[in-house]
Amino acid sequence: MGKKEKGKPNPLGEVSRDYTINLHKAVHKETFKRKAPRAVSHIVRFAQKNMLTEDVRVDPQLNEAIWARGIRNLPRRIRVRLQRKKKEEDDGKGKYYTLAQYVPVDSFANLKTEITKAQ
């Protein structure tokens with residue numbers, strides 16, 4: 001990776017963040033039989049980019065929330081909790097993995113990204 005730059009905090013560590021992901025924009029103009037699988041892969045790419053980990057694990061409740069209305073009738077938005085956790089085993093690359101979990105909300109109005117320490 002190289003040297004750590006002066007004044008820049010170390011980006012890695014255990015942290016938990018809540019994001020709202022717009023799935024409607026992610027699967028726009030996608031063939032309807034590919035919408036739900038494409039939405040899951042979009043969440044994985046989003047988590048890799050924002051949490052700086054290669055290993056992303058999707059919680060079964062999140063997968064069920066995406067697929068709840070079938071392969072083509074997705075929810076427009078979904079609230080996701082991304083938790084970067086330290087790996088217990090040493091297989092593969094990286095010291096951390098990201099766990100993506102579903103967060104049920106009543107309304108998406110005025111929701112922002114919330115950053116908390118991992119439990």
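At 7% relative accessibility, Asp18 counts as buried, a label given to residues under 20% relative accessible area, whereas exposed means over 50% and partly exposed lies in between (1.4 Å probe, protein chains only). The structure is a predicted model, in which local features need pLDDT of at least 70 and side-chain atom pairs count only at pLDDT 80 or more, while totals for chains, interfaces and linings use all residues. Residues are numbered from 1 along each chain as its sequence is written, and side-chain values use heavy atoms, with hydrogens and water left out.

Arg81 forms a salt bridge with Asp18, and their closest N and O atoms are 2.8 Å apart; the term salt bridge stands for a side-chain nitrogen of Lys or Arg within 4 Å of a carboxyl oxygen of Asp or Glu. This pair ties together distant parts of the chain, with Arg81 in strand S3 and Asp18 in strand S1, 63 residues apart. Helices (H or I, at least four residues) and strands (E, at least two) are DSSP runs, numbered from the N terminus. Side chains of opposite charge can pair when their charged atoms come close.

By this rule the model has 7 salt bridges. Another joins Glu30 to Arg34, with the closest N and O atoms 3.8 Å apart. Here Glu30 is buried at 19% relative accessibility, and Arg34 is partly exposed at 47%. The side chains of Arg57 and Asp55 also meet in a salt bridge, at 3.0 Å from N to O. Both of these residues are partly exposed, Arg57 at 31% relative accessibility and Asp55 with a relative accessible area of 22%. Asp55 and Arg57 also belong to a network of salt bridges that includes Lys87 and Glu89.

Attention now turns to helix H2. This helix covers residues 35-51, 17 residues in total, and reaches 24 Å from its first C-alpha to its last, close to the 24 Å expected at 1.5 Å a residue. The expected span is 1.5 Å times one less than the number of residues in the helix. The buried residues of H2 are Ala36, Ala39, Val40, Ile43, Val44, Ala47 and Met51. Viewed down the axis of H2, these residues fall within an arc of 140°, so they line one face of the helix; the arc is that of the directions from the helix axis to the C-beta atoms. An α-helix has 3.6 residues a turn, so residues three or four places apart point the same way. Packed against the buried residues of H2 are strand S1 (15-22), helix H1 (23-26), strand S2 (56-58), helix H3 (60-67), strand S3 (77-86) and strand S4 (96-102). Just after H2, Leu52 takes a positive phi of about 60°.

The largest nonpolar core holds 21 residues, of which Ile43, Leu62, Ile66, Ile78, Val80 and Leu82 touch the most other members. Such a core is a set of buried Ala, Val, Leu, Ile, Met, Phe, Trp, Tyr and Cys residues joined through side-chain atoms within 4.5 Å. Elements giving two or more residues to this core are S1, H2, H3 and S3, and the largest share, 7 residues, comes from H2. Leaving aside neighbours within four places in sequence, Leu62 is in contact (heavy atoms within 4.5 Å) with Ile43, Ile78, Val80, Ala100, Gln101 and Tyr102.

Strand S4 is largely enclosed by the rest of the structure, because 5 of its 7 residues are buried. S2 and S4 run parallel and are joined by 3 bridges, whereas S3 and S4 pair in the antiparallel sense over 7 bridges. Strands count as paired if DSSP finds at least two bridges between them. Thr98 in S4 has Val56 opposite, and Arg84 also stands opposite Thr98.

Two loop residues complete the description. Lys29, in the loop between H1 and H2, has a positive phi of about 60° although it is not a glycine. Asn110, in the loop between S4 and strand S5 (114-117), likewise has a positive phi of about 60° without being a glycine. Most residues other than glycine have a negative phi. Lys29 is exposed, with a relative accessible area of 76%, and Asn110 is exposed at 74% relative accessibility.
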